[in-house]
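Have a go at each task before you read its solution.

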Amino acid sequence: MIVQMNHNASPADVAMVRKKAEEMSMSLVDFSDEITLRLVLPGKHDPYLAREFAELRGVNDVVATAHGHCLTHRAANPAGTIIDVRGNIFGGDLPVVIAGPCAVESYDQMMQTAVALSELGISILRGGAFKPRTSPYDFQGLGEEALRILERVRAETGMAFITEATGVGCFDAVESAADIVQIGARNMQNVELLKRAGRSHRPILLKRHFSATIDEFLHAAEYVMAEGNRNVILCERGIRSFVDHARFTLDVALIPALQARTHLPILVDPSHAAGDRRLVIPLARAALAADADGLIVEAHPCPNESACDARQALNFDDLEVLMREIEYPPFMTTAALAAEVPA
Ligand code: PEP
Ligand code: MN
């Protein structure tokens with residue numbers, strides 16, 4: 001439940017709420033901002049307990065968190081959570097674009113990608129080091145070697161990077177290298193991994209499993225937040241359906257549905273939803289039209305030679321078309337500056 005204090009609640013009133021939570025052996029998470037004092041009591045909603053808190057002096061309202069997720073609940077932070085990754089603001093007024101190949105294959109591939117992205121105003125690179133492939137005989141990623149490549153590219157270009165932790169075993173290595181740790185769709189309900197992510201100091205990009213309901217998705221995010229990590233970015237990446245014209249079906253309706261239910265930023269991955277590069281740009285536009293907070297897109301210097309997900313990778317010209325079509329603000333600024341330079 002979420003306890004909202006009155007504007008004129010005194011420190012003693014707040015102390016009373018804290019004391020009551022302590023008496024009940026409930027942990028209390030402070031979500032207050034400059035305007036409102038909000039104290040979240042994680043756990044299952046109990047109407048009797050809610051009434052007891054509602055009767056305390058200085059309490060304005062107790063919000064029932066009927067679905068069982070309170071830390072992720074919109075009412076915990078109605079203004080929306082903002083996550084700053086090296087100056088990229090997730091959950092702010094403008095969308096953030098992340099791009100790069102499915103998997104890190106070589107230093108040259110990542111360096112070429114980073115240079116191309118910089119010219120498009122994109123400053124977060126993606127690239128899998130540990131890959132959760134469907135077949136054990138497919139390319140599994142370069143592992144730690146890929147992390148070293150990503151670190152080197154960051155040192156040389158200033159580009160932040162996101163990469164996936166496929167299990168608890170590689171989490172430490174990924175966490176110590178990456179700016180954002182990704183938890184992939186297949187791991188959305190790997191509770192040990194979610195708990196480990198919750199103890200991380202890195203922001204977590206949590207992808208929705210392709211058959212997860214909104215409740216299951218929010219509960220997965222709640223697992224991360226319940227361990228103390230407030231920096232969770234949600235990502236819709238397509239769900240399984242009967243269609244055979246796309247790899248998955250992008251659930252655009254999830255974006256407004258999530259916005260009503262949670263304060264966390266919401267990204268969309270049009271690449272895995274599409275599975276076909278010709279569908280990526282329209283899906284990306286649909287996501288932003290539905291007010292997503294940004295995109296994570298697969299792009300590769302030679303898409304057809306990608307070690308994985310070749311069919312959905314954009315080349316850098318296509319990525320530029322996408323940046324133009326969505327009028328990506330950092331790209332528009334970069335393009336305007338370039339146009340000013342005399343030939
Ligand atoms: C990925 O982003 O590299 C990936 C494997 O995506 P997903 O977990 O959504 O399938
Ligand atoms: Mn991929």
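**Exercise 1. Find out which elements the buried residues of α6 pack against.**

Step 1: The buried residues of α6 pack against α5 (171–177), β10 (180–183), β11 (204–207) and α7 (214–226); contact here means heavy atoms within 4.5 Å. Helices (H or I, at least four residues) and strands (E, at least two) are DSSP runs, numbered from the N terminus.

Step 2: Now for the residues themselves. Helix α6 spans residues 191–198, and its buried residues are Leu 193, Leu 194, Arg 196, Ala 197 and Gly 198. Buried is under 20% relative accessible area, exposed is over 50%, and partly exposed is in between (1.4 Å probe, protein chains only).

A word on the ground rules: this is a predicted model, where local features need pLDDT of at least 70 and side-chain atom pairs count only at pLDDT 80 or more, while totals for chains, interfaces and linings use all residues. Residues are numbered from 1 along each chain as its sequence is written, chains are lettered from A and ligands numbered from 1 in the order in which they are written, and side-chain values use heavy atoms, with hydrogens and water left out.

**Exercise 2. Work out where the buried residues of helix α2 sit around its axis.**

Step 1: List the buried residues of α2 (residues 47–54): Leu 49, Ala 50 and Phe 53.

Step 2: These cover an arc of only 105° around the axis, so they are on the same side of α2. The arc is taken from the directions from the helix axis to the C-beta atoms.

Step 3: Turn to the other side of α2, and you find Tyr 48 and Arg 51 exposed.

Step 4: As for packing partners, the buried residues of α2 go against β1 (2–5), α1 (11–23) and β4 (59–63).

**Exercise 3. Identify the protein donors of the manganese ion (ligand 2).**

Step 1: Look for N, O and S atoms within 2.8 Å of the metal (3.2 Å for Na, K and Ca); water is not among the atoms, so sites may look incomplete.

Step 2: Along the chain, their spacing reads C-x169-H-x25-E-x10-D.

Step 3: His 272 is in helix α9 (residues 270–274) and Glu 298 in strand β14 (residues 294–298), 26 residues apart, so the pair links distant parts of the chain. Both His 272 and Glu 298 are buried.

Step 4: Check the backbone at Asp 309. Most residues other than glycine have a negative phi. Asp 309, though not a glycine, has a positive phi of about 55°. Asp 309 lies in the loop between β14 and α11 (316–325) and counts as buried because its relative accessibility is 18%.

**Exercise 4. Is Arg 86 buried or exposed?**

Step 1: Locate Arg 86 in the loop between β5 (83–85) and β6 (88–90).

Step 2: Its relative accessibility is 52%, so Arg 86 counts as exposed. The phi of Arg 86 is positive too, near 45°.

**Exercise 5. Which residues does His 69 touch?**

Step 1: Find His 69 in the loop between β4 and β5. His 69 is buried, with a relative accessible area of 1%.

Step 2: Leaving out residues up to four places away in sequence, His 69 touches Asp 215, Leu 218, His 219, Glu 222 and Arg 261.
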